[in-house]
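Subject: the model, plus what turned up in it

Hi,

Here is the structure I promised to pass on. Have a look at it first, and then read my notes below.

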Amino acid sequence: MYRALRICSNRGAYEALPEPPRPIDLARARGRLERQGIAVVDARVMLIAALEVEVTISQNGRLLFKTRDPAAAERVLDQLRGLLELDGPPVESPNARPPAPSRTAKGGNQSGG
Amino acid sequence: MARGVMLMSGGIDSPVALHYLLRQGHEVVGVHMDNRPFTDDSPLAKVVDHLAMLRERYAQPIPLYVLPHGPTQIALMRNTDRHVGCVLCRRFMWRSAERIAEREGASFLATGEALGQVASQTLSNMRNATASVRLPIVRPLIGFDKQEIEAVAKSIGTYEISTRPGLCCQAVPDRPATRTHLVQILQEEERVDVERIIDDCVRQATIL
């Protein structure tokens, strides 16, 4: 369930996160958007869709609306709720994309996390 | 004095680094890697305003090359390990800047990097990022801390521009690698057509 929009730390966009966390099947989302004639850039781990404002749709469910107008962000969120069934039941993702390709060992020196 | 190419991001650091180079009398050409659609148009607007301010202050023309970096990011995100994405991204920025330096007859590259400010600015990451180019890299702010840089930015009038609302790079991975190995980076780069990507990027440069 996407409850609220909040402004990003650099005040350049609004974001919405699903509570509880709910990933988005990006392949399916891309198909649904394109069937509506919406241009989509597919960067494998995220989609960038050209709606009323540009939206970044991340695998983890995060939506980022590139606008400083909260009303515009809210309108696009509402549009995506319908298009992508954002508030539907949790979906098992048989079409979920594989993790990032890697030929490297996942050792302790890989990540700053 | 020498002629160099400075990478300009729109952030707080790069105009301060440029200020020091100009103050020493160097001729500088700016390069902005336009990261749309992974950001918005605010970084470019900030760079334009930074340069307007510094052109006036130093009475130098400071040409600005704007290069499309979004297609490069898409190729990297589709084909390479996300953990090392920041290092790969910077290698392409450096290569593109070096091409502009060749075109402009510049003898050095410059950046506003300061050691350890963000995850991608570790020694190993900087070394592996710049191993992609031959020209010397000048980092006027390498030993500065954030407070020092901000103080200078305020004194030269660029701080308010840098801190206007904007969108961070959305291509940054959740957990970027802080220590990378060059062998690993080179293996990842084999997954993309490096020369074609750089050629396409530089060919689409616009000069402001």
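Two strands pair if DSSP finds at least two bridges between them. Helices (H or I, at least four residues) and strands (E, at least two) are DSSP runs, numbered from the N terminus.

Before the details, some housekeeping. This is a predicted model, in which local features need pLDDT of at least 70, side-chain atom pairs count only at pLDDT 80 or more, and totals for chains, interfaces and linings use all residues. Residues are numbered from 1 along each chain as its sequence is written, while chains are lettered from A and ligands numbered from 1 in the order in which they are written.

On confidence: the predictor gives the complex a pTM of 0.88 and an ipTM of 0.82.

Now chain A, starting with its hairpins. S1(A) (residues 2–7) and S2(A) (residues 14–18) run antiparallel and are joined by four bridges. One pairing to look up is A:Arg6, whose bridge partner in S2(A) is A:Glu15. Six residues sit between the two strands of this hairpin, and A:Arg11 takes a positive phi near 60° there. A:Arg11 is not a glycine, yet has that positive phi.

Burial comes up a lot from here, so the cut-offs are: a residue is buried if 20 or more other C-beta atoms lie within 10 Å of its own, exposed if 12 or fewer, and partly exposed in between, with C-beta atoms placed from the backbone. A:Arg11 has 14 other C-beta atoms within 10 Å, so it is partly exposed. Strand S1(A) is hardly covered: of its six residues, the count of buried ones is zero.

S5(A) (residues 54–58) is another story. Four of its five residues are buried, so the strand is largely enclosed by the rest of the structure. S5(A) pairs with S4(A) (residues 46–50) in the antiparallel sense over five bridges, and a hairpin of three residues connects S4(A) to S5(A). In that pairing, A:Met46 has A:Ser58 of S5(A) as its bridge partner. The S5(A)–S6(A) hairpin has four residues between the strands, and A:Gly61 in its turn has a positive phi of about 100°. As background, side chains in a regular strand alternate between the two faces of the sheet.

Where are the cis peptide bonds to check? One runs from A:Glu19 to A:Pro20, with omega near -5°; A:Pro20 is in the loop between S2 and helix H1 (26–35) of chain A. Another joins B:Arg36 and B:Pro37, with omega about 10°, and B:Pro37 lies in the loop between strand S2 (27–34) and helix H2 (42–58) of chain B.

Chain B also has a non-glycine with a positive phi: B:Ile62, at about 45°. B:Ile62 is in the loop between H2 and strand S3 (64–68) of chain B, and counts as partly exposed because it has 18 C-beta neighbours inside 10 Å.

Last, helix H3(B) (residues 70–79): its buried residues are B:Thr72, B:Gln73, B:Ala75, B:Leu76 and B:Met77. Among what covers them are helices H4 (85–104) and H9 (194–203) of chain B, where contact means C-beta atoms, placed from the backbone, within 7 Å.

Cheers

Technical notes. Contact = placed C-beta atoms within 7 Å.
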